[in-house]
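Visitor: I would like to take a close look at a single part of this model, and I would be glad of a careful explanation.

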Amino acid sequence: MKLSVQGRTAYAYTGGVEFDPALPCVVFVHGALNDHSVWTLLARWFAHHGRSVLAVDLPGHGRSDGPPPASVEAAADGVQALLDAAGVERAALVGHSLGSLIALETAARAPARVTQLGLVGTAFPMKVSPALLATARETPRAAIDMVNAFSLSTIAAKPSFPGPGAWLHGGQRALMRRLQGQAEAGGLNLFAHDFAICDAYAGGLQAAATVRCPAALVLGRRDSMTPPRAARELGEALRATVTTLPGGHSLMAEAPDGVLAALRALLD
């Protein structure tokens, strides 16, 4: 559905059912150069099992108007504004990669408003290597191929989302190229922008100390982008449960059943 958020149109996928703000709500926040579609399977499951769902397109991504948020902190303010627009008083937040930092910062800024916090493929600090930042600035399509290679632990994972036999590398590359192309048409290198705000975020541990709700980390054993050891201090600060799955950074695609089980344990 579409909402008016901070004067702009924002899109959120509701899991294939009509949104009901009276139900317990879960908000999904995607990572860099992604959109709501990375959550489709999980969003549909929760939407059909007693929850309302908002799988958002961040500003400037997918079907949401731009510009993209200038920082993780600005994106967190946007998530709160989206909850206001949807008539949601309290919600669980689930974020992946850059989206996990946004969910964390939102939970810190509004601790009474967030019921549970799920961080998938997370780390703090979530620094991006200078070489990858430079590649994203200068040759973003090459950076897309690099990130896909780093984010998936195998060449052809099976079974997987959206289904056995799907080519995860090709699907993710197509999604990222489409989003990058849309942004470039408006004169913006969205990949470089998203990486830059991810790299610049410095308040993770202070935010974690403010969070009051139950938290869970879902990590990939073979994650080259955010290896499990890089999330250890954040998990301790949040007093979070930690689930480590056999996969890479793109766990919603490579290990959807494991991610669902971990989130059900947090949200049920």
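Visitor: At what angle do helix H5 and helix H6 pack, and how far apart are their axes?

Guide: This is a predicted model, in which local features need pLDDT of at least 70 and side-chain atom pairs count only at pLDDT 80 or more, while totals for chains, interfaces and linings use all residues. Residues are numbered from 1 along each chain as its sequence is written, and side-chain values use heavy atoms, leaving out hydrogens and water.

Helix H5, residues 140–151, packs against helix H6, residues 168–185, at an angle of about 150°, and their axes lie 10 Å apart (helices are DSSP runs of H or I with at least four residues, numbered from the N terminus; axes are lines fitted to C-alpha atoms over the stretch in contact, and angles run from 0 to 180 degrees between N-to-C directions). H5 and H6 are therefore roughly antiparallel to each other, a term for angles over 145 degrees. On the H5 side, the contact (heavy atoms within 4.5 Å) is made by Pro 140, Arg 141, Ile 144, Asp 145, Val 147, Asn 148 and Ala 149, and H6 contributes His 169, Gln 172, Arg 173, Met 176, Arg 177, Gln 180, Gly 181 and Glu 184.

One of these residues, Arg 141, is found in helix H5, and with a relative accessible area of 34% Arg 141 is partly exposed, which places it between buried (under 20%) and exposed (over 50%), using a 1.4 Å probe and protein chains only. Leaving aside neighbours within four places in sequence, Arg 141 touches Arg 177, Gln 180, Gly 181 and Glu 184. Arg 141 and Arg 173 are 32 residues apart in sequence, with their C-alpha atoms 8.9 Å apart in space.

Key
Helices (H or I, at least four residues) and strands (E, at least two) are DSSP runs, numbered from the N terminus. Angles under 35 degrees count as roughly parallel, over 145 as roughly antiparallel, 65 to 115 as roughly perpendicular and the rest as oblique.
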